[in-house]
Amino acid sequence: REAKLSHSSKLTFAEVEEIVLHTGVPAASVCEAAPEEDPSLANPRECVLTASVWVLALLQVAVKRFGGGGSASTAESFLELLQRLAANLRRDSGEEFRARVGSAEVQGVLVRSRPHLLAVFRSYCSRGQQPEVRQRLDSSKLTALVRDAGLLGGSLTTDVVSEIYSEVQFEDESGMLTFSEFVAALTVVANFYNPRLYLPLHQRLDMMLDGVVLPKLALKYKPRRTAQ
């Protein structure tokens, strides 16, 4: 992505649109907030932003969208927007992401949490129907799980959860998630829930599972003890 944008010192509307993808901020609002260099430019899609204008436009959007009022809250609003942008720019391709999920560190987190995650998975799969031999999780139940765990907010919207649901399906064409696809979805969710740049994926996943997901959902399932 850096190579794609480095051909010019200015950003086109299409490039702005790609950068703000999944942040909840429309590209048009960024261009409309930019100081007008050309008063005759009526269509935001025709905008071309220099680096300084881009930063000023982001600041305007952050203050308007996240409620900046006073220097402290303005800075917090700008930081919120920057974190959303960072999370989006760190999105991997499907192959890259699966490689990261397969790393020893991430797998170690998932193995430690497996009994509890499996209990959560089975609990949500069986909602509203008899448990099946080959259980699957549909999109509405994944969204309900993410909502029940208190993860929705910021750049993690229900639309993003639906997109994650579609992107992690790689084992079969049932249209529903297997357990391994479910844990892959949670790993993607961790990227959105905690977009801090300097924490590796396995740490963010561990913090989300142990600090938020499993405690929040503890009353909704009864994990089975693993055999000693």
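Predicted model: local features only at pLDDT ≥ 70, side-chain atom pairs only at ≥ 80, totals over all residues.

Q: Which residues of H4 are buried?

A: An α-helix has 3.6 residues a turn, so residues three or four places apart point the same way. In H4, the buried residues are Val53, Trp54, Ala57, Leu58, Val61 and Ala62. The helix covers residues 51-66 and reaches 22 Å from its first C-alpha to its last, close to the 22 Å expected for it. Just after H4 comes Gly67, with a positive phi of about 75°.

Q: How do the axes of H7 and H10 cross?

A: Two packed helices are described by the angle between their axes and the distance between the axes. For H7 (residues 104-125) and H10 (residues 179-193), the axes come within 11 Å and cross at roughly 115°. The crossing is right-handed. Residues making the contact include Leu110, Arg114 and Phe121 of H7, and Phe182, Leu186 and Thr187 of H10. By class, 10 residues of this contact are nonpolar, one is polar and one is charged.

Q: How many salt bridges does the structure hold, and which residue does Arg112 pair with?

A: The structure holds one salt bridge. Arg112 pairs with Asp206, and their closest N and O atoms are 3.9 Å apart. Arg112 lies in helix H7 and Asp206 in helix H11 (residues 201-217), so the pair links parts of the chain 94 residues apart.

Q: Is Arg112 buried or exposed?

A: Arg112 is exposed, because its relative accessible area is 56% and the cut-off for exposed is over 50%. Asp206, at 24%, is partly exposed.

Methods
Residues numbered from 1 in each chain as written. Heavy atoms only, no water. Helix = DSSP H or I, 4+ residues; strand = E, 2+ residues; numbered from the N terminus. Expected span 1.5 Å × (residues − 1). Buried < 20%, exposed > 50% of the residue type's maximum accessible area, 1.4 Å probe, protein only. Axes fitted to C-alpha atoms, helices over the stretch in contact; angles between N-to-C directions. Left-handed = near helix turned anticlockwise from the far one by under 90°. Contact = heavy atoms within 4.5 Å. Nonpolar A, V, L, I, M, F, W, Y, C, P; charged D, E, K, R; others polar. Salt bridge = Lys/Arg side-chain N within 4 Å of Asp/Glu carboxyl O.
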